[in-house]
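Colleague: I have some questions about how the terms are applied here. Shall we go through them?

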Amino acid sequence: MALTDSTMMPLGTSAPDFSLPDPVSGKTKTFADVAGERGTLVMFICNHCPYVIHIARELAAVAAEYDPRGIGFVAISSNDVNERPEDGPEYMREFAEKYNFIFPYLYDETQEVAKAYDAVCTPDFFLFGADGKCAYRGQFDASRPKSAEPVTGADLRASLDAVLEGDPIPEEAQVPSQGCSIKWKSA
């Protein structure tokens, strides 16, 4: 696995819309469907990535804590399933159930949504304020697989708190996420 840093969408960018299937519910979801009244977190993840697996339980806990406070959550898998069959829709439901995701886990088969968000790694996080503008793009926390750093979600939690309070998130707090590269389809 090659460690890849996120590309950091420009702050203030409007959230790109999408319309993607949710293998868990069987429904199609748009950004408006998943948006929270006080903010929305769009996450690019996949089933096989050790960086995602490393944080999955705490990620579910963060969603359970902040969803009732008005933050909408959505996860999107954009990997090429020809290269990584275990990231396909039939396995996404199992992954979501295993980690008790309360948010939709959508499948981006064309990879157009990942491209629209400039997502390049898993996990990759994009937090939008109530106005739909990017307020944070960065890491979950400083923990990585096989590191001594505990998984806390500290960076993301601080950013969620700032969005809820209406406070700007300083540039120095916006540390790129790191993880496996998205598995792009060959042209």
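Modeller: Start with the helix α5. This is a predicted model. In α5, Asp155, Leu156, Arg157, Ser159, Leu160, Ala162, Val163 and Leu164 are buried.

Colleague: What makes these residues of α5 buried?

Modeller: The cut-off is under 20% relative accessible area. Asp155, Arg157 and Leu164 are among the residues of α5 that fall in this class.

Colleague: What covers the buried residues of α5?

Modeller: The cover includes the helix α2 (50-66). It also includes the strands β4 (39-44), β5 (71-77), β8 (124-129) and β9 (134-138). Contact here means heavy atoms within 4.5 Å.

Colleague: How do you know that the span of α5 agrees with its number of residues?

Modeller: α5 has 12 residues, 154-165, and at 1.5 Å a residue these should span 16 Å. The expected span takes one less than the number of residues. The end C-alpha atoms of α5 are 16 Å apart, so the two agree.

Colleague: What follows α5?

Modeller: Glycine 166, with a positive phi near 80 degrees.

Colleague: Now the sheets. What is the order of the 5 strands in the open sheet with mixed pairing?

Modeller: The order is β6-β5-β4-β8-β9.

Colleague: Why are β6 and β9 called edges?

Modeller: β6 (105-107) and β9 each have a single partner strand, so one side of each is left without a neighbour in the sheet. On average, neighbouring strands of this sheet are turned by 20 degrees against each other, direction ignored.

Colleague: What makes β5 and β6 a pair?

Modeller: Pairing needs at least two bridges. β5 and β6 have 3, in the parallel sense. In one of them, alanine 75 has tyrosine 105 of β6 as its partner.

Colleague: Which helices pack on this sheet?

Modeller: α2 touches β4, β5 and β8, and its direction makes about 150 degrees with that of β5. α5 touches β4, β5, β8 and β9, and its direction makes about 10 degrees with that of β8.

Colleague: And the open sheet of 3 strands: what is its order?

Modeller: β1-β10-β7, with antiparallel pairing. β1 (3-5) and β7 (121-122) stand at the edges because each has a single partner strand.

Methods: Residues are numbered from 1 along each chain as its sequence is written. This is a predicted model: local features need pLDDT of at least 70, side-chain atom pairs count only at pLDDT 80 or more; totals for chains, interfaces and linings use all residues. Side-chain values use heavy atoms; hydrogens and water are left out. Helices (H or I, at least four residues) and strands (E, at least two) are DSSP runs, numbered from the N terminus. Buried means under 20% relative accessible area, exposed over 50%, partly exposed in between (1.4 Å probe, protein chains only). Axes are lines fitted to C-alpha atoms, for helices over the stretch in contact, and angles run from 0 to 180 degrees between N-to-C directions.
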